[in-house]
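Please keep the sequence and the 3D view open while you read.

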Amino acid sequence: MELLLKDKICVVTGASRGIGAAIVARFASEGAKVYALSRTEPAETEKFAAPLQQPVWIACDVSDESSIDGAVNEILARDERIDVLVNNAGITRDGLLMRMKTDDWNAVLSTNLSSAFFASRSVIRAMLRQKEGCILNVSSIVGLKGNSGQANYSASKAGLIGLTKSIAREVASRGIRVNAIAPGFIDTSMTAKIPEEFRERLMATIPLGRAGKAEEVANVALFLCSPLASFITGVVLPVDGGMGM
Ligand code: NAP
């Protein structure tokens, strides 16, 4: 069977661990050449179960537009095209609204939301020239529902949904698809810091009765970025075990 992303040039942000690393591995296993962007290099263990092509790591701080433009220019200088951009990098700085520091608001908004604007703007000229391309934004179920203690994070993830739909409308006529996924509770280093008691309460709200795996999110990312989803744009697809139902 033909590989789903054969020879496609893919860029994944936040690729050093967790969901981003799983997306890199899954895309590479389908024949993509993947550029993995993050501030720190992926750990040896994340260096990707049997991909056909080893990913190329580029150091990049997605909250800094010049860092993103630099990475995108480097990729275009090497490969002259970008077929897929996955805006996955994200952080949390949780706290109740009345105690939330402005720095924590700004850090989350710039890393989770402004980054996707910077990166999408940076790749869009190449995609317009190619008359094809695909952007996938990693939002969250809390971007749809909100979450106590996560005003900054939820706002950034809701913002990604507006960004997704607006860009999708802007570029659909040029053959470019823009979608989002909304993961629920996924086992990664981001959720490892959640106290056990709170985790148990969260599990009770997931109809499938367990946390998701990064690989399960990566499979959905692959679907949306592949020709299998050629008639899908502007959607927000939950990957949450039914949590958002
Ligand atoms: P994670 O394990 O903490 O990984 C986060 C990734 O983002 C790391 O590779 C990190 O790399 C990168 N990153 C953070 N700040 C960055 C910056 N300024 N520049 C470049 N890269 C940066 O988290 P995860 O769970 O895989 O989360 C991935 C995405 O899924 C995030 O957007 C998150 O909000 C979203 N999500 C996660 C869950 C969940 O339950 N885990 C649920 C819904 C949505 P460096 O530190 O090396 O830069």
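**Notes on the predicted model**

1. **The ligand shell.** The ligand is surrounded by 30 residues, and the closest are Ser16, Thr40, Asn88, Tyr153 and Thr188. By class, the shell holds 12 nonpolar, 14 polar and 4 charged residues. Here Ala, Val, Leu, Ile, Met, Phe, Trp, Tyr, Cys and Pro count as nonpolar, Asp, Glu, Lys and Arg as charged, and the others, Gly among them, as polar.

2. **Ground rules.** This is a predicted model, in which local features need pLDDT of at least 70 and side-chain atom pairs count only at pLDDT 80 or more, while totals for chains, interfaces and linings use all residues. Residues are numbered from 1 along each chain as its sequence is written, and side-chain values use heavy atoms, with hydrogens and water left out.

3. Which side chain has an N or O atom 2.8 Å from a nitrogen atom of the ligand? That is Asp61. Lys157 places a polar side-chain atom 2.8 Å from an oxygen atom of the ligand. Ile186 uses its backbone instead: an N or O atom there lies 2.8 Å from a ligand oxygen atom. A polar contact is a pair of N or O atoms within 3.5 Å; within protein, one must be able to donate a hydrogen and the other to accept it, and residues adjacent in sequence count only if both atoms are side-chain atoms.

4. **Cover over the ligand.** On its own, the ligand has 870 Å² of accessible area, and the protein covers 96% of that. Accessible areas come from the Shrake-Rupley method with a 1.4 Å probe; for residues, only the protein chains shown count as cover. The elements giving two or more residues to the shell are α1 (18–29), α5 (151–171) and α6 (189–192). Which element gives the most? α6 does, with 3 residues. Helices (H or I, at least four residues) and strands (E, at least two) are DSSP runs, numbered from the N terminus.

5. **Helix α1.** This helix has 12 residues. From first C-alpha to last, α1 reaches 17 Å, close to the 16 Å expected at 1.5 Å a residue. The expected span is 1.5 Å times one less than the number of residues. How many residues of α1 are buried? The count is 10 of 12, including Ile19, Ile23, Val24 and Phe27. Buried means under 20% relative accessible area, exposed over 50%, partly exposed in between (1.4 Å probe, protein chains only).

6. **Helix α8.** Residues 214–225 form α8, which reaches 16 Å, close to the 16 Å expected. Its buried residues include Val217, Val220, Leu222 and Leu224.

7. In β4 (residues 84–87), both faces are covered. Val84 and Val86 are buried on one side, and Leu85 and Asn87 on the other. β4 runs parallel to β1 (residues 9–13), joined by 3 bridges. Val11 stands opposite Leu85 there. β4 also runs parallel to β5 (residues 133–138), with 4 bridges. Asn87 has Asn137 of β5 as its bridge partner. Two strands pair if DSSP finds at least two bridges between them.

8. **Two positive phi angles.** Most residues other than glycine have a negative phi, and most peptide bonds are trans. Asp7 is not a glycine, yet its phi is positive, at about 60 degrees. Asp7 sits in the segment before β1 and is exposed, at 52% relative accessibility. Glu80 is not a glycine either, and its phi is about 65 degrees. Glu80 lies in the loop between α2 (65–79) and β4. Is Glu80 buried or exposed? Glu80 is exposed, at 66%.

9. **Distances across the chain.** Asn112, in α3 (residues 102–130), is buried at 2% relative accessibility. Asn112 and Leu160 are 48 residues apart along the chain, with 8.1 Å between their C-alpha atoms. Ile141, in α4 (residues 141–145), is buried at 7%. Ile141 and Val239 are 98 residues apart in sequence and 8.3 Å apart in space, C-alpha to C-alpha.

Technical notes
A residue is near a molecule or strand if one of its heavy atoms lies within 4 Å of it.
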